[in-house]
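Good morning, and thank you for making time for this presentation.

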Amino acid sequence: MLNIVLFGPPGAGKGTQSEKIQTKYNLIHLSTGDLFRKHLSEGTELGIEAQKFMDEGNLVPDRVVIGMVEEKIADNMDANGFIFDGFPRTIPQAESLDEMLSGRNIPIQVMVSLDVPDDELRTRLLLRGETSGRADDQNEEKINNRIRVYKEETIPVAEFYQKTGRYQSINGVGSIEDIFDRICSTIDSR
Ligand code: ADP
C-alpha cells in the first residue's frame, strides 16, 4: 500500500491536490472534513455533534474523528492505499493513526506539507466562501480562528512526522499543475 498524509493550513489546497493524487496513484481519498460534511448533510448523530465545532472553526473532539477514520480504513483494506487529507490534525490523532496502520502493517510513508503564507490563505478562503456555502469560510473572524487553531494544535503534528523522518514540505503557491508536479516528485522519490 501507498499511504500519504497531505498536510497544510486551511485553504492550502489539500482537497484539490488530493483529488489529483487519488486519481494518479489509485488511492482512497480520506478527507475528514468531507466525511463530516457528508454526515452533516445526512443529518446523522455524528454530523450534529460535529457541526457546532466546525461552524466556529474549532476542531471536532479526537475520539469522534478517530472512530470515523478507523471505520473508513477498516472498510477499505483491499485498496491500493490512502491519501489522508485534513487528518491527523492533533498529536493524539497522529499517534492513533500510527497505531491503526502499524497494527495492519501498512504504515504512512510520507507526509507532504503545502507551504502557503497566511495572507494568501485568508484571500483564498474568503473567495471560496463566496461559493462554497461553508459557514466556516464566510467571515474573517472564523477564518482567523482556523489559522490560529492550525498553528496551536496542528503544527506539532508536522514535528511528529519530522522526528520519524517522514516529512517533506513543498511550496504551495503557484498553478495547480505546478504544485501537483512538486507533490508527485516528492511521492516518487520517497
Ligand atoms: P479546511 O482544511 O479548509 O479547514 P476541512 O474541510 O479539512 O477544512 O475541515 C473543516 C472542519 O472540519 C474543521 O475546521 C474542523 O472543525 C473539522 N475537522 C476536519 N478534520 C478534522 C480533524 N482531523 N480533527 C478535528 N476536526 C476536524
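Where is the place of Pro-88? Pro-88 is found in the loop between β3 (81-85) and α5 (91-103); helices (H or I, at least four residues) and strands (E, at least two) are DSSP runs, numbered from the N terminus.

Let me state the basis of what follows. The model is predicted, so to speak of local features we need pLDDT of at least 70, side-chain atom pairs count only at pLDDT 80 or more, and totals for chains, interfaces and linings use all residues. Residues are numbered from 1 along each chain as its sequence is written, and side-chain values use heavy atoms, with hydrogens and water left out.

I return to Pro-88, which is joined to Phe-87 by a cis peptide bond with omega of about -5°. Asn-26 is not a glycine, yet has a positive phi of about 60°. In general, most residues other than glycine have a negative phi, and most peptide bonds are trans.

I turn now to the pockets. A pocket, on a 1 Å grid over the protein atoms alone, is an open set of points where a 1.4 Å probe fits, with protein on both sides within 12 Å along at least five of seven lines; lining residues have an atom within 4 Å of a point. The largest pocket has a volume of about 920 Å³, a volume being the space filled by probe spheres set on the points, which are joined across faces, edges and corners. Its lining has 47 residues, and those closest to the centre are Pro-10, Lys-14, Arg-89, Arg-128 and Arg-134. Elements that each supply at least two lining residues include β1 (2-7), α1 (14-25), α2 (32-42) and α7 (140-163).

The second largest pocket holds about 190 Å³. Among the residues that line this pocket are Leu-35, His-39, Met-68 and Asp-75, and α2 and α4 (62-75) each supply at least two residues of the lining.

What sits in the largest pocket? The ligand does, by the criterion that more than half of its atoms lie within 2 Å of the grid points. Around the ligand are 20 residues, with Thr-32, Arg-37, Asn-58, Gly-86 and Gln-93 coming nearest; a residue counts here if one of its heavy atoms lies within 4 Å. α2 gives the most to this shell, with 4 residues.

The side chain of Lys-14 has an N or O atom 3.2 Å from an oxygen atom of the ligand. For Thr-32, a polar side-chain atom is 2.7 Å from a ligand nitrogen atom. At Asn-58, a backbone N or O atom is 2.5 Å from an oxygen atom of the ligand. On its own the ligand has 550 Å² of accessible area (Shrake-Rupley method, 1.4 Å probe), and the protein covers 96% of that area.

Notes: A polar contact is a pair of N or O atoms within 3.5 Å; within protein, one must be able to donate a hydrogen and the other to accept it, and residues adjacent in sequence count only if both atoms are side-chain atoms.
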